Amino acid sequence: MLWYQDALLFVAALLAGGMNSVAGGGTLLTFPTLLWAGGAAGWVNAALVANATSTVALWPGALSSFWGYRGQLPSDRRETILLAIPSTLGGAIGATILTLTSESVFKSLVPYLILLATLLFVAQAPLAKLRSRWAERNRGARGLSEAEIDEALDRADTPGLRGARRRWLAVLAFQFLVGVYGGYFGAGIGILMLAGFSWLGFTNIHHMNALKNLIGAGINGITAVILISNGFVHWPVALLMSVAAILGGYAGAGIAQRIGQKWVRRIVIAIGFSLTAYMLLHQFRG
């Protein structure tokens with residue numbers, strides 16, 4: 001691989017690490033960059049290797065994000081375990097399906113996977129507004145102040161505030177599907193998880209982010225193990241990008257914040273839709 005390809009991969013992972021710590025969507029930068037570099041370098045199964053290498057490269061950043069939020073985990077560990085089990089199981093199944101998918105089939109799915117991830121990224125801001133409005137209505141309906149709600153959420157004996165049993169069953173099934181998608185491709189799983197947590201009745205965004213980061217690290221971790229064991233990871237590139245992603249989680253976040261989340265989001269959305277259009281056009285012509 002040429003030096004400028006390595007440099008571009010490093011920059012993509014650096015920016016992705018910063019984006020994931022601020023708004024998410026980093027895979028929309030690393031995967032297409034890897035797909036281009038792998039194709040130019042003549043990788044066998046370039047699309048599958050690019051996807052696997054992106055997952056492994058960004059996993060250390062996800063783990064460090066969880067570590068930064070570890071003090072914000074809800075005090076009821078049973079809820080964390082309940083959400084983590086189907087998510088991790090789904091991640092293992094999704095990664096296994098990926099290893100059984102042929103390069104041609106996966107490559108034909110790539111434009112639609114990128115489109116789905118881009119649409120999820122577009123939906124992130126509206127979902128956040130809906131979550132905020134729902135929390136306000138929930139507080140008003142219960143006659144509790146924001147401080148009282150937060151205090152209740154910190155106690156281990158108040159699962160009723162977070163949803164009835166049927167909601168829990170529905171969200172656990174949803175988390176399993178999120179895990180399957182995360183193991184297969186993964187871009188946008190954090191947005192899906194926050195939507196599910198909101199439906200359960202979670203209102204403390206710090207708790208939600210802590211759970212999201214922990215469960216996301218679990219999904220990506222089991223996915224990484226399966227992809228590594230099947231030999232899909234290009235290690236020299238994965239190690240280079242891992243370093244960049246970790247640095248991006250610290251320095252890149254500051255850069256993204258100086259640019260402004262609005263412009264970061266616009267750039268990522270433009271890249272996602274442009275890639276989808278280009279790859280679909282290339283497929284139809286080919």
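A nonpolar core is a set of buried Ala, Val, Leu, Ile, Met, Phe, Trp, Tyr and Cys residues joined through side-chain atoms within 4.5 Å. Buried means under 20% relative accessible area, exposed over 50%, and partly exposed in between, with a 1.4 Å probe and protein chains only. This is a predicted model, in which local features need pLDDT of at least 70 and side-chain atom pairs count only at pLDDT 80 or more, while totals for chains, interfaces and linings use all residues. Residues are numbered from 1 along each chain as its sequence is written, and side-chain values use heavy atoms, with hydrogens and water left out.

**Exercise 1. Describe the overall fold and its core.**

Step 1. Helices (H or I, at least four residues) and strands (E, at least two) are DSSP runs, numbered from the N terminus. The protein chain has 11 helices and zero strands.

Step 2. Of its 286 residues, 50% count as buried.

Step 3. The largest nonpolar core holds 60 residues, and Phe31, Leu83, Phe106, Tyr181, Phe185 and Phe197 have the most contacts inside it. H3 provides the largest share of this core, nine residues.

Step 4. Contact means heavy atoms within 4.5 Å. Apart from neighbours within four places in sequence, Leu83 touches Trp168, Val171, Leu172, Gln175, Phe197, Leu200, Leu211 and Ile215.

**Exercise 2. Examine helix H8: does its span agree with its length or disagree, and is H8 mostly covered or uncovered?**

Step 1. The expected span of a helix is 1.5 Å times one less than its number of residues. Helix H8 (residues 189–200) has 12 residues and should therefore span 16 Å; its end C-alpha atoms are 17 Å apart, which agrees.

Step 2. H8 is mostly covered, since nine of its 12 residues are buried. Among them are Ile189, Met193, Phe197 and Leu200.

Step 3. After H8 comes Gly201, with a positive phi near 110°.

**Exercise 3. Characterise the largest cavity and the second largest pocket.**

Step 1. On a 1 Å grid over the protein atoms alone, a cavity is a set of points where a 1.4 Å probe fits but cannot get out, and a pocket is an open set with protein on both sides within 12 Å along at least five of seven lines; lining residues have an atom within 4 Å of a point. Grid points are joined across faces, edges and corners, and a volume is the space filled by probe spheres set on the points.

Step 2. The largest cavity contains about 40 Å³ of space. Its lining includes Phe31, Pro32, Phe185 and Leu275, and H2 gives the most to this lining, with four residues.

Step 3. The second largest pocket contains about 390 Å³ of space. Residues lining this pocket include Pro32, Trp36, Lys107 and Leu275, and H11 contributes the most, with five residues.
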